[in-house]
Amino acid sequence: MKIFLDSANLESIRKFNDMGLLDGITTNPSLLSKEGGNPKDVMQEITKIIKGDVSLEVVSTEYSEMIEEGKRLRQYGKNVVVKVPMTSDGLKACKSLSSEGIPVNVTLVFSPNQALLAAKSGAKYVSPFIGRLDDVGQDGMKLIEDIKEIFDNYKDDFKTQILVASIRHPLHVIDAAKIGAHVVTLPPNVLDKMLQHPLTTIGLENFLSDWKKLKDGNSDIKI
């Protein structure tokens, strides 16, 4: 399963990329606004840091404007995937951009029907927002199961990848992996939590403490 970071924070992107963990990046206007500064500079830098796909989102809602904006975003790098909303105009833009060789990520997907239509429009990625469904009392992971079953039924027809978004905690990642989702996109705090376990911390402290005792008894010991 691929791991994308859902962030426009350059420090976090570099941190996890240096660990070899990142296969791509997803961004949106809210994330770019949160970081401040010139969003153009941030987007350009992200496409340089990351070798994999970088989803940059249009802010237009009308078809012709989405096309123009999508083509401008694509100029930031060959690894740019244009993110469009799950609307009629968004699907129309997805079809047009995809036919020109520009990969598209259809976002704000909340139902199997929407995912099916996005795949038929030629999307490279479909982004179901599971956390937001959980927030309103629905089962977000059930949506991933349904989409995976549908896509598996038509492997020869659909090449669209399921990009699980709006992840709230590490268990979402494990559940998505068990289902067989292609990609998860995580906020930095969730990826940080995945790295940690209290027994790892305790074990390391014990190892270092024991080594210090051994070294204190024999100053010539080296590794």
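Predicted model: local features only at pLDDT ≥ 70, side-chain atom pairs only at ≥ 80, totals over all residues.
Residues are numbered from 1 along each chain as its sequence is written, and side-chain values use heavy atoms, with hydrogens and water left out.

Helices here are DSSP runs (H or I, at least four residues), as are strands (E, at least two), and both are numbered from the N terminus. Axes are lines fitted to C-alpha atoms, for helices over the stretch in contact, and angles run from 0 to 180 degrees between N-to-C directions.

| Helix pair | Axis distance | Angle |
|---|---|---|
| α6 (residues 112-120) and α8 (residues 140-153) | within 9 Å | roughly 40° |
| α1 (residues 10-18) and α10 (residues 188-195) | 11 Å | about 30° |

The angle makes α1 roughly parallel to α10, while α6 and α8 are oblique to each other. For these words, under 35 degrees is roughly parallel, over 145 roughly antiparallel, 65 to 115 roughly perpendicular, and the rest oblique.

Which residues bring α6 and α8 into contact (heavy atoms within 4.5 Å)? From α6 come Pro112, Ala115, Leu116 and Ala119, and from α8 come Leu143, Asp146, Ile147, Ile150 and Phe151. By class, this contact has 8 nonpolar residues, no polar ones and 1 charged. Nonpolar covers Ala, Val, Leu, Ile, Met, Phe, Trp, Tyr, Cys and Pro; charged covers Asp, Glu, Lys and Arg; the others, Gly among them, are polar.

Now turn to α1, which passes α10 in a left-handed crossing. Ser12, Lys15 and Phe16 of α1 meet Pro188, Leu191, Asp192 and Leu195 of α10. This contact has 4 nonpolar, 1 polar and 2 charged residues.

In α10, the buried residues (under 20% relative accessible area) are Pro188, Val190 and Leu191. Seen down the axis of α10, they fall within an arc of 165°, so they line one face of the helix. Those buried residues pack against β1 (2-6), α1, α9 (170-179) and β8 (183-186).

How values were computed. Left-handed = near helix turned anticlockwise from the far one by under 90°. Contact = heavy atoms within 4.5 Å. Buried < 20%, exposed > 50% of the residue type's maximum accessible area, 1.4 Å probe, protein only. Arc of directions from axis to C-beta.
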